[in-house]
Amino acid sequence: MAKNSVTFSYICIVKQTAHMKLLLLSIVIIGLCVVLLGVKVLFVKGSRFPSGHVKDVEALRKRRIGCALDDER
């Protein structure tokens, strides 16, 4: 019975280690993606992230697509 208990606890430790490795790998990948998306913003003087608001996108203005909040006012 003691052998089964030791085996079970070993399996739990191995699973926790695998989960921690996966979590750390995920954090590293997400961090790398954020840095790569912001390369221009981080390394070019005076640059900034493009606006994602509807009123600032020329293609949407040409199609006369506006902000839903403006329609409610």
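**Fold, surface and pairs**

Author: From the N terminus, the elements of the protein chain follow the order α-α-α-α. This is a predicted model, where local features need pLDDT of at least 70, side-chain atom pairs count only at pLDDT 80 or more, and totals for chains, interfaces and linings use all residues. Residues are numbered from 1 along each chain as its sequence is written, and side-chain values use heavy atoms, with hydrogens and water left out.

Reader: How many helices and how many strands does the protein chain have?

Author: Helices (H or I, at least four residues) and strands (E, at least two) are DSSP runs, numbered from the N terminus. On that basis the protein chain has four helices and zero strands.

Reader: What percentage of the 73 residues is buried?

Author: Buried means under 20% relative accessible area, exposed over 50%, and partly exposed in between (1.4 Å probe, protein chains only). Of the 73 residues in the protein chain, the buried share is 3%.

Reader: Which residues does D56 touch, not counting residues up to four places away in sequence?

Author: D56 sits in the loop between α2 (39-43) and α3 (58-62). D56 is partly exposed, because its relative accessibility is 41%. Contact means heavy atoms within 4.5 Å. With residues up to four places away in sequence left out, D56 touches S51 and R61.

Reader: Which residue forms a salt bridge with K62?

Author: A salt bridge is a side-chain nitrogen of Lys or Arg within 4 Å of a carboxyl oxygen of Asp or Glu. The structure holds one. K62 is exposed at 65% relative accessibility. Its closest N and O atoms are 3.6 Å apart in the pair with E58.

Reader: Why are K62 and E58 separated by about one helical turn?

Author: Both belong to helix α3. They are about one turn apart because their spacing in that helix is four residues.

Reader: How many disulfides are there?

Author: A disulfide is a covalent bond between the sulfur atoms of two cysteines. The rule here asks for a pair of cysteine sulfur atoms within 2.5 Å. C33 is partly exposed at 41% relative accessibility, while C67 is buried at 16%. By this rule, the disulfide count is zero.
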